[in-house]
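Open the model in your viewer and keep the selection panel at hand. The stops below go one by one.

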Amino acid sequence: MSGRPSVRRRGLALALGLALLAGRAAAQHETSLPELNPAVQTLLKAPYLSEAERRRLKVEHGVWEDADLDEPVLAGRAALLSGRYTSDALTNPDASPEDRAEALLHTGEARQALELLAGATSLRSLRLIAEAAEDLGETARATEAINATRTRLEDTTALSADEVSEGVRTLLFASRRGPQDLPDFNALMQMLGEARKTKDPLSWRIALCEAQLLWDKDNPGEAFTALEQALSLNPKAAETLSLLVQVTTAQMDVPSVMARLEALDELAGGKSLDGSLALARLRLYQRDPNAALEVIDAILTLHPAQREALAMRAAASASLFDDAATERDLAAFAKAWPGSAAALVEVGLAQSGARQYEDAEKTLRAACAKAPGWAEAWIELGLVLAQAGRDDAAREALAEARRLDPFNIRATNTLTMLTDLARFKSIESDHFIVRYKEGDDLVLAREMPVVLEKIYERVTGNAPGGIDHKPAGKTVIDLMPDHAMFAVRITGMPQLHTIAAATGPLVAMEAPRVGAGHSTGVYDWSRVIQHEFTHTVTLSRTRNRLPHWFTEASAVYLEDAPRDESRCTMLARALDTDQLFDLDSINVAFARPQKPQDRGMAYAQGHWMYEFIVEKWGAAAPLKLMDQYAAGVREAQAMESVLGVSRVAFLDQFKVWAHAQVVSWGLASPEGVPSVKELLAQSKSEGGSGTTPTPELIDAWLQKYPEHPQVLELAVSTALDKNEGKVSPEMVPLIERFALAAPVKHLPHRVLAKFYLDQGEGEKAIPHLEFMDIREVYNPAIAVELSKRYGALNDWEKAFQKAERATRIAPYDAAHRELAATMAIKANHLDAALRHIDALTILEPDREVHRKRLDAVKKRMQTSPPAPPGGN
């Protein structure tokens, strides 16, 4: 059980906090160990078993009790299975040499393991010899063990199921040497299936080996199923549970991961080596290298040559941008494990996760040079190059990975995607290249450059919030036709819980449309891309060397949109209950949220603090901080230098400012004005119920506090409830007062807009519709209604602009295109009308009326005076 976990980290996907395990919701992941398979329970009760045989089977299936461990061999085997690698039972010379050697290899003592296995010829011994010798650089000895294994597997008739699994594991390990050593995946899976069927249907090692094969091929869903089966056959196998933690970590199901880490510690009777390694990897996944280092250094204190810990230490140093430490750690790994490229791949992934693409490419090319036959190194190189927008080089690397391992799903997915992407059409503007699949995506793609150039001026400019920096070269915008292709573009796998992502010089987005293959549906692509392009610009200005909260804060700030009520309420509640993050915990909230709302809260509070910096210290202050961070200055020192305050003082001042903001939002009472809670307490002291205010009591409060936002909200809610949710003319002044007193609340605008529309007073509905539209990201209906309202007033320019906005949210919707074309003609923006009608000929090619209208507009353009360009 040498526990050779893949170094695969899928850095960017997990930095984004995104799930890669297909088809399994977090709620499905039981954290308790599965019940022992009923067939095993039946076997253990079989009357024909001797007591010695029963004890051996109880150990083998992980249900032993202390009394069963009366022999050194059984005690040593139980210690190994449960992950107690330094147990006295495994130093006992009477324990199995293979068990002792496996424990030594797991703790980094490979040479001692080889000494114990000198002359051993069992298939398990051959696996351990191959693993130890290969990573120690003793290639000839490893080759001998691999060849001996291959010979033994030519005829499996006399082999047990467990022996078959050991042989298959050796061949899987050997596959990193290149195609000459690559076993056929399907043949290996068939061999394992036959061994289960004909030799031992209760072998947990067969199920574990299947999971290892599937995980190696980037098939986490089926690997998870196989691991569940293995645990049902031996619930105390730490090796199985460790791999399950890796799979669950890749899914970012943190609660399940933590529960399983506790299970590993429980099995080990204390702090588990397997659990500590898994925790360190989780912290690296979560972009928390300092926390990872704490765990790693504790491991290395006990086991100075532990292979995975040494590799992860180098990755953590790279994540901290500590070049000297990274080189030192890589040298330490190379000294201990001269035959392994694992640390180079770990470091390359860490650099990629930090978007240091040039460094990552250099490191991963070094890994490929050291282990030219190892497909995983080539896969990670290909993904890094793809994320950097270097598609031709990425295809070359992935083609090599595919040659080395034609069964790897990630390599196949990404190479297929890049091959398809090479056939995409492109449209260039001054600062962007928009790539799109031929077909109706042209409708959106050709409209994007004008909007993108406006985004460029805003984000790269020096107006408040602008980054005042222009990236070198053009930014590529990949308009992906469906969610799966978008996700593969970013992670190499077809699931990703977002709709757009920036990797630096590349921004990929899922086409904003409804239907099969689309995760979200329609959305305001321009706002989303403005956020993502901000990441591109800040990355270019700082090389991504800035606190996590700060990079997200700048991107949200530059969305140039007001906060919606839900975020205001969340922030107000956190301030009132002293639940705001400090400047350490806010970064942790992005990386490893403790509560479901933590990441959303971190985004919202980061934006709020960024806004505070701009308002108090000026628009240049965030840019000066960025330059400090880019130079390697830590946050505390940067704040002292630029803002003249400590981090503690910054938060103290921020909270004072934030309270004033909450008051201005109508979500807290000004100084000297009691809250509703305090008013109720006062009423109770005067003989009232003190629980639910009566209409009479609310009226009395309004008399005394006519602009009190919470009292006004109570009054409006009470009036609406009394009138079955409908607004009457008599209620309008009260609701308008509420809207003024609580300017972030949606309710007054929503009900007043409906009231005025129902009354046929569309002009009065407009300001309330505008309030809602500017906060809307996913629904074009409000923009459509506004277009119609402005049209009814003959304000054709505004009617046209709102129809344009509807087509930006839902660009493939023919009805919105019809409306936009009509309003463009009314506003004399014939070029825009032509664009929308031409889009209709693509979206609805069978409707002849669109071609007729197109011809009519073209004729009109020949006779009408030119008008300013419209739309976008």
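**Before you start**

This is a predicted model, where local features need pLDDT of at least 70, side-chain atom pairs count only at pLDDT 80 or more, and totals for chains, interfaces and linings use all residues. Residues are numbered from 1 along each chain as its sequence is written, and side-chain values use heavy atoms, with hydrogens and water left out.

**Stop 1: the sheet**

Select the 5 strands of the open sheet, in the order β1-β2-β3-β5-β4. Pairing in this sheet is mixed. Strands here are DSSP E runs of at least two residues, numbered from the N terminus; two of them pair if DSSP finds at least two bridges between them. Color the edges next: β1 (425-428) and β4 (500-502) each pair on one side only. From one strand to the next, the twist averages 15°, an angle between N-to-C directions of axes fitted to C-alpha atoms, on a scale from 0 to 180 degrees.

**Stop 2: strand β3**

Select residues 475-480. Is β3 enclosed or open? 6 of its 6 residues are buried, so the rest of the structure largely encloses this strand. Buried means under 20% relative accessible area, exposed over 50%, and partly exposed in between (1.4 Å probe, protein chains only).

Show side chains. T475, I477 and L479 point one way, while V476, D478 and M480 point the other. In a regular strand, side chains alternate between the two faces of the sheet.

- β2 (residues 432-436) pairs with β3 in the parallel sense over 5 bridges. V434 stands opposite I477.
- β5 (residues 506-510) also pairs with β3 in parallel, over 5 bridges. Here A508 is the bridge partner of D478, and M509 stands opposite L479.

**Stop 3: helix α25**

Select residues 448-460. Helices are DSSP runs of H or I, at least four residues long. α25 is mostly covered, with 10 of its 13 residues buried. Among them are M448, L452, I455, Y456 and V459.

**Stop 4: D184**

Which loop holds D184? Look between α9 (161-174) and α10 (185-198). D184 is partly exposed, at 39% relative accessible area. A polar atom of its side chain lies 3.1 Å from the backbone nitrogen of N186. Finally, select D405: D184 and D405 are 221 residues apart in sequence, yet 9.3 Å apart in space, C-alpha to C-alpha.

Key: Polar contact = N/O pair within 3.5 Å; in protein donor to acceptor, adjacent residues only side chain to side chain.
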